[in-house]
Amino acid sequence: MSTALVEDVEVLRSGLASDQPEIEVTLRLPRDSAKKVLDLLDAEQTVGALVIPATQEFAPAEAAKILGMSRPTLMRLMAVGRIRSRKAGKHHRIPAAAIQEFRERQREEGDPMAVVAALANQHGNVD
C-alpha cells in the first residue's frame, strides 16, 4: 500500500470517528481498488449490498437470511454437503466464504430454487 493511500485511509478513519453525517475526503486509489469501491457503491444503490468480512462466520439463521431461504432449507443443504459448515460445540457455523461459494454455484447451475426443491423432494421435506 502506498504511503499516500495509508495517509488517505487515516483521514477517512478520523472522519468516521466524528459524529458528522457526511465526510469529505479525497482518496488516491490504485485503479483496481477504485473499481472495487465503485462496484460496491453501485451494488449498494441497486440491490442493497453488504460488505461481509471473509473470515466471519454465521449461525444458520443468519446465513439463511443472507441467502434468502429458510433455516430448515439451509440445514438440509448443509446436511447433504451443498453448503460447507463446521460444528462449534453443538452449534453449526457457516463461514462467509461458504456462503459466497454457494451463491457462485447457484449462478453457474441456473435456477437456485429448482436445486433446493429437488433436494427437499429427495429427502421428503418441504418448507
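# Surface, helix face and salt bridges

Visitor: Is Val37 buried, partly exposed or exposed?
Guide: In this predicted model, Val37 has a relative accessible area of 40%. Buried means under 20% and exposed means over 50%, so the value for Val37 makes this residue partly exposed.

Visitor: Seen down the axis of H3, within what arc do its buried residues fall?
Guide: Helix H3 covers residues 60-67, and Pro60, Ala63, Ala64 and Leu67 are buried there. These buried residues line one face of the helix, because, seen down the axis of H3, they fall within an arc of 100 degrees.

Visitor: How far apart are the closest N and O atoms of Arg13 and Glu10?
Guide: Both Arg13 and Glu10 belong to helix H1, residues 3-17, where they stand 3 residues apart, about one turn of the helix. Arg13 counts as exposed at 54% relative accessibility, whereas Glu10, at 46%, is partly exposed. Their side chains form a salt bridge, in which the closest N and O atoms are separated by 3.8 Å.

Visitor: How many residues apart in sequence are the parts tied together by Arg84 and Glu101?
Guide: The side chains of Arg84 and Glu101 meet in a salt bridge, at 3.0 Å from N to O. Arg84 lies in the loop between H4 and E2 while Glu101 lies in helix H5, so the pair ties together parts whose separation in sequence is 17 residues.

Notes: Residues are numbered from 1 along each chain as its sequence is written. This is a predicted model: local features need pLDDT of at least 70, side-chain atom pairs count only at pLDDT 80 or more; totals for chains, interfaces and linings use all residues. Side-chain values use heavy atoms; hydrogens and water are left out. Buried means under 20% relative accessible area, exposed over 50%, partly exposed in between (1.4 Å probe, protein chains only). Helices (H or I, at least four residues) and strands (E, at least two) are DSSP runs, numbered from the N terminus. The arc is that of the directions from the helix axis to the C-beta atoms. A salt bridge is a side-chain nitrogen of Lys or Arg within 4 Å of a carboxyl oxygen of Asp or Glu.
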